[in-house]
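These are my notebook entries on a structure that was new to me. I set down what I looked up, in the order in which I looked.

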Amino acid sequence: LSSFKTIFITGGAGFIGSHVVREFVTNLPKTTIVNLDALTYAGNLENLKDVEHLPNYRFERVDITNTVALAEVFNRYTPDAVVHLAAESHVDRSITDPNAFIQTNVMGTANLLNLCRTIWKFNPEHAHGRFSLEERQNLFYHISTDEVYGSLGEKGLFTETTPYDPKSPYSASKAASDHLVRSYGNTYGLPYILSNCSNNYGPNHFPEKLIPLAINQIINEKPIPIYGDGDYTRDWLYVVDHAKAIFQIFHEARTGETYNIGGFNEWKNIDLIRELISQMDKKLRRPEGYSLKLMEFVKDRPGHDKRYAIDASKLNRELGWKPSVTFEQGLSKTIDWFLENREWLDNVTSGEYQKYYESHYNN
Ligand code: NAD
């Protein structure tokens with residue numbers, strides 16, 4: 001399936017990255033898949049327990065802001081493709097500590113691009129980094145977010161040509177990294193692909209984000225914080241469907257292209273929490289509506305975007321991709337996973353998961 005011998009996946013110990021590593025490592029047994037991750041608070045190798053024994057999987061603990069360490073792994077493996085997910089990803093954290101976002105999301109991406117430029121022999125005359133499937137020998141696939149487009153009113157959808165209008169330090173840093181990737185395509189002929197995805201949810205989601213946080217709070221009968229009046233609207237995609245979309249785009253898309261990925265699936269936060277409570281009260285055999293009392297409205301986040309909604313029709317039209325589950329089905333699978341993996345949740349919330357690396361990789 002893949003003509004590539006060695007693929008780097010950055011941020012592979014994170015929420016989405018771990019699903020992407022699983023997709024690549026199990027479907028491409030003849031390709032070496034190297035997971036490059038610094039293991040910040042968000043990186044957890046327990047997410048990959050089921051695949052880490054596979055002979056084509058490697059893990060390298062590397063910080064993408066460390067140019068020396070990064071150059072060393074590039075020289076050792078000479079990857080022919082990079083799928084780049086490593087990032088600081090939590091909007092609230094970007095408001096309290098924007099610098100970490102600028103360092104990792106902007107400088108870290110620039111470091112990766114510079115190394116690809118050094119080891120790959122792409123032709124600067126090849127305008128916009130455009131190569132057909134047959135021609136391409138290298139690929140830089142950058143994973144980004146729909147938050148770069150800013151906020152929508154009641155109507156309309158983000159398309160691939162919507163002008164960028166990021167509002168938080170997180171989305172601004174991701175927007176900067178997207179621009180850098182395209183500029184390396186335009187200027188140097190870097191063969192790249194970019195995709196911008198809506199909010200993901202599913203197994204292994206760190207419980208600082210809305211859905212896993214709410215699941216954890218409902219299990220423990222603690223308050224569920226909801227920003228403002230709960231009126232914020234997001235499009236949600238089951239993380240496994242995102243990983244499958246990335247795998248398909250990686251193999252089937254022309255370079256120099258951008259794809260929006262989304263679930264065609266908009267929910268107001270308040271309705272989403274109600275749906276979650278309804279499903280969880282049933283699964284936990286609690287009386288109907290029992291957990292509604294846990295909803296607690298809290299002071300809004302500054303610069304909060306009102307509505308995101310993504311038009312993923314280009315991906316559907318060109319590559320035939322569509323989500324495999326509805327939101328209600330994906331949510332049900334997600335709740336089941338969290339109920340069956342309470343140890344994972346306890347380890348993450350207590351910080352215990354950080355010991356996994358020491359006990360499995362450092363002896
Ligand atoms: P995450 O926070 O769960 O994981 C990020 C991973 O990157 C972690 O394993 C972390 O250890 C690693 N990392 C962070 N800084 C690093 C550094 N300096 N060097 C090396 N590794 C580092 O994030 P996620 O939710 O899985 O998001 C992954 C990517 O997808 C990000 O680029 C994000 O912008 C994008 N994205 C996320 C969503 C979403 O809903 N979560 C939606 C669209 C796009």
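**Entry 1: a strand pair.** I began with strand β6 (residues 192-197), which pairs with β10 in the parallel sense over five bridges. I take two strands as paired if DSSP finds at least two bridges between them. Helices (H or I, at least four residues) and strands (E, at least two) are DSSP runs, numbered from the N terminus. I noted that C197 has I261 of β10 as its bridge partner.

The model is a predicted one: local features need pLDDT of at least 70, side-chain atom pairs count only at pLDDT 80 or more, and totals for chains, interfaces and linings use all residues. Residues are numbered from 1 along each chain as its sequence is written.

**Entry 2: the other side of β6.** I then turned to β5, which pairs with β6 in the parallel sense over six bridges. Here S144 stands opposite N196 of β6.

I asked which residues of β6 point one way and which the other. Y192, L194 and N196 point one way, I193, S195 and C197 the other way, and all are buried. I call a residue buried if 20 or more other C-beta atoms lie within 10 Å of its own, exposed if 12 or fewer, and partly exposed in between, with C-beta atoms placed from the backbone. In a regular strand the side chains alternate between the two faces of the sheet. Since six of the six residues of β6 are buried, the strand is largely enclosed by the rest of the structure.

Entry 3: For angles I use axes that are lines fitted to C-alpha atoms, for helices over the stretch in contact; the angles run from 0 to 180 degrees between N-to-C directions.

Entry 4: Two residues count as in contact if their C-beta atoms, placed from the backbone, lie within 7 Å.

**Entry 5: helix α7 itself.** With 14 residues, α7 reaches 20 Å from its first C-alpha to its last, close to the 20 Å expected at 1.5 Å a residue. The expected span is 1.5 Å times one less than the number of residues. Because 10 of its 14 residues are buried, α7 is largely enclosed by the rest of the structure. Among the buried residues I listed V239, H242, I246 and F250.

I also checked K244, which lies in α7. K244 is partly exposed, with 18 other C-beta atoms within 10 Å. K244 and I219 are 25 residues apart in sequence and 30 Å apart in space, C-alpha to C-alpha.

**Entry 6: a second sheet.** α7 also lies across β7 and β9, running at about 70 degrees to β9. I found these strands in an open sheet of three, in the order β7-β9-β11, with mixed pairing. The edge strands are β7 and β11 (266-268), each pairing on one side only. The twist averages 50 degrees from one strand to the next. Strand β9 (residues 233-238) pairs with β11 in the antiparallel sense over three bridges, and R234 stands opposite W267 of β11.

**Entry 7: helix α6 and what follows.** In helix α6 (residues 210-219), the buried residues include L210, I211 and I218. The buried residues of α6 pack against β7, β8 (224-227), α8 (269-283) and α10 (327-340). E221 is found in the loop between α6 and β8. Its phi is near 55 degrees, a positive value in a residue other than glycine. E221 is exposed, with 12 other C-beta atoms within 10 Å.

**Entry 8: the ligand.** My last question was which residues come nearest to the ligand. Of the 30 residues around it, these are G11, G14, A42, G43 and A87; a residue is near a molecule if its C-beta atom, placed from the backbone, lies within 6 Å of it.
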